[in-house]
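Colleague: I am new to this structure and would like a guided tour. Could we go through it topic by topic?

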Amino acid sequence: MEIFDYIIVGAGSAGCVLAERLSASGRNKVLVLEAGGHGRSPWITLPLGYGKTFFDPKVNWKYQTEPDDALAGRCAYWPRGKVVGGSGAINALVYARGLSQDFEDWVAAGAVGWDWETVRQTYETMETQIGINGERHGSGRLHVQDVSNQIHPANRHFFAAAAELGLPRTEDINGSDCEGAAVYRINSSGGRRMHSARAFLKPALKRPNVTLMTGTMAERIIIEGRRAVGVQVTKGGRKLTLRAGREIILSTGAVTSPRLLQLSGIGPAELLKSHGIEPLLDAPQVGGNLQDHLGINYYFRATEPTLNNILRPFTGKLRAVLQYALTRRGPLALSVNQCGGFFRSLPELKRPDQQLYFNPVTYTTTPNGKRTVVRPDPFPGFIIGFQPARPTSRGRIDISAADPLAPPRIRPNSLATEEDRAQVIAGGRLCQRAVATAALDGLIESAMDPDLRGMDDDRILEDFRERCGTVFHPIGTCRMGADMQTSVVSARLKVHGMQGLRVVDASVFPNLTSGNTNAPTMMVAHRAADFIQEDA
């Protein structure tokens, strides 16, 4: 049987980075396992294709949470990538490194060596910044595009409203002045999605020492003594055992990485016993510390044309397709989230506590919960929405059975703290002040129910409970820290109490970064590759 040096479980945002960096020297034999397919759908390549992949079971695990009492007993929909490129292949492309203070929080939580200055250098190594005229800064594999000259004209009202409120303006939420209203940078290049698979895995697969196995479901880690030596998988109906001489690296994300550990006998002992799994290592934190951003949108009919006027009529769609085909520009080349930024809901706060989104489009949710930006409303409209940046509530993700195909138990435990509930009211009030400005009030023809403008604090919170949803940023279920009682992996991402086993994905974040999590996930993998090679 062929023995690889490293087996990476999961070809998502983190796994693709690891595959490229661990194979670059040519000395290591690297195997990458992916449960999904290759991801050759044009909807993945097309930035606005997010609206199509959002519910596509071919590329999406389509998880559901358990009923959440704080959210009116609702079960939340959690899309996660089931495809090469992972969730980064089906996300909305916003590229946000996180605020500098986020990483100081990591250090305070036990992630020694993950301070802002250190991770900033990793970001700069990883990225190439593409300016509005195509100019390039940096030499990293991941392209991050400035699309501020391509956004819809209706966005000007958002910037005018921010100015009226005395809120700052920034050219780049990833720059030195990251607070304020901005056009979101997106990970695209040449009008095409620049996800981790395109940036990192594709060049790595040209090397003879890298193997990718798709359609391969990892069932458990094979452990001898206290050392991980292989992975049991199912591929094409056959069970296979794949072995690694150096390390097994879990990069299956905040939902699946803790489940794989638990299925392998690493997790809370009583939980494992209840499912007939022999506990090899009683690790109580595996699956805990779950965090996620919750957000809400407020919908308005507009007094002037928006993207609805382009993307709803057949003739408008045709023009957008032709523009994209000829120039790789236009609305199809952009994220649905065009503008927004990080803001303080009150000026006396020490750092931004809210992330805002402004979208020059509306798409009414259907009774079955589906919504798609590729079929917007038949009238001009816009959305303003917010997410509290750093929730303090903590949930869990656990196995529901010993069967690897059994759905996970996702218990977000939303709005469990008074601080989180206060942050919801603060975010609603900030949006309320924004739509009351002359700039946005003049853009509003009418509100689509419910109308934010007349809500008091209690109604803002009640509406949030009834309508909010995940912003698809689950993290923390294999968190970094000092020991097994408080965390799952060390600051070098080794699983406590085990040899030859690491976790490298968003599950290791000790705390949620203030914004979108795809960028810091790739950053974590980039740094992890250094640790792995140094330790070898």
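**A tour of the model**

Modeller: Phenylalanine 314 lies in helix α11, residues 314-327 (helices are DSSP runs of H or I of at least four residues and strands are E runs of at least two, numbered from the N terminus). This is a predicted model, in which local features need pLDDT of at least 70 and side-chain atom pairs count only at pLDDT 80 or more, while totals for chains, interfaces and linings use all residues. Residues are numbered from 1 along each chain as its sequence is written, and side-chain values use heavy atoms, leaving out hydrogens and water.

Colleague: Is phenylalanine 314 buried or exposed?

Modeller: Phenylalanine 314 counts as exposed, because its relative accessibility is 65% (buried means under 20% relative accessible area, exposed over 50%, partly exposed in between, with a 1.4 Å probe and protein chains only).

Colleague: Which residues form a nonpolar patch on the surface?

Modeller: Phe314, Leu318, Leu322 and Leu326 form that patch, and together they have about 480 Å² of accessible area (Shrake-Rupley method, 1.4 Å probe, with only the protein chains shown counting as cover for residues). Patches consist of residues with over 30% relative accessible area and no salt bridge, where like charges are joined within 9 Å and nonpolar side chains (Val, Leu, Ile, Met, Phe, Trp, Tyr) within 5 Å.

Colleague: What does leucine 501 touch?

Modeller: Leaving aside residues up to four places away in sequence, leucine 501 touches Ile221, Ala228, Ile248, Leu250, Leu261, Ile266, Leu493, Lys494 and Val495 (contact means heavy atoms within 4.5 Å).

Colleague: And how many residues of helix α1 are buried?

Modeller: In α1 (residues 13-23), 11 of the 11 residues are buried, so the helix is largely enclosed by the rest of the structure. Its buried residues pack against β1 (3-9), β2 (30-33), α7 (196-204), β11 (210-213), β14 (238-250) and α15.

Colleague: Which residues are buried in helix α4?

Modeller: Asp102, Phe103 and Trp106 are buried in α4, which spans residues 100-108. Down the axis of α4, the buried residues fall within an arc of 90°, so they line one face of the helix (the arc is that of the directions from the helix axis to the C-beta atoms). They pack against α5 (116-126) and α15. Just after α4, glycine 110 takes a positive phi of about 110°.

Colleague: New topic: how many salt bridges does the structure hold?

Modeller: The structure holds 30 salt bridges (a side-chain nitrogen of Lys or Arg within 4 Å of a carboxyl oxygen of Asp or Glu). In one of them, the side chains of glutamate 270 and lysine 273 meet at 3.6 Å, N to O. These two residues are separated by about one helical turn, because they are three residues apart in helix α9 (residues 269-274).

Colleague: What does aspartate 398 form a salt bridge with?

Modeller: Its partner is arginine 396, with the closest N and O atoms 2.7 Å apart. Aspartate 398 is buried at 2% relative accessible area, whereas arginine 396 is partly exposed at 23%.

Colleague: Which residues are linked in a network of salt bridges?

Modeller: Glu247, Arg492, Lys494, Arg502, Glu534 and Asp535 are linked in such a network.
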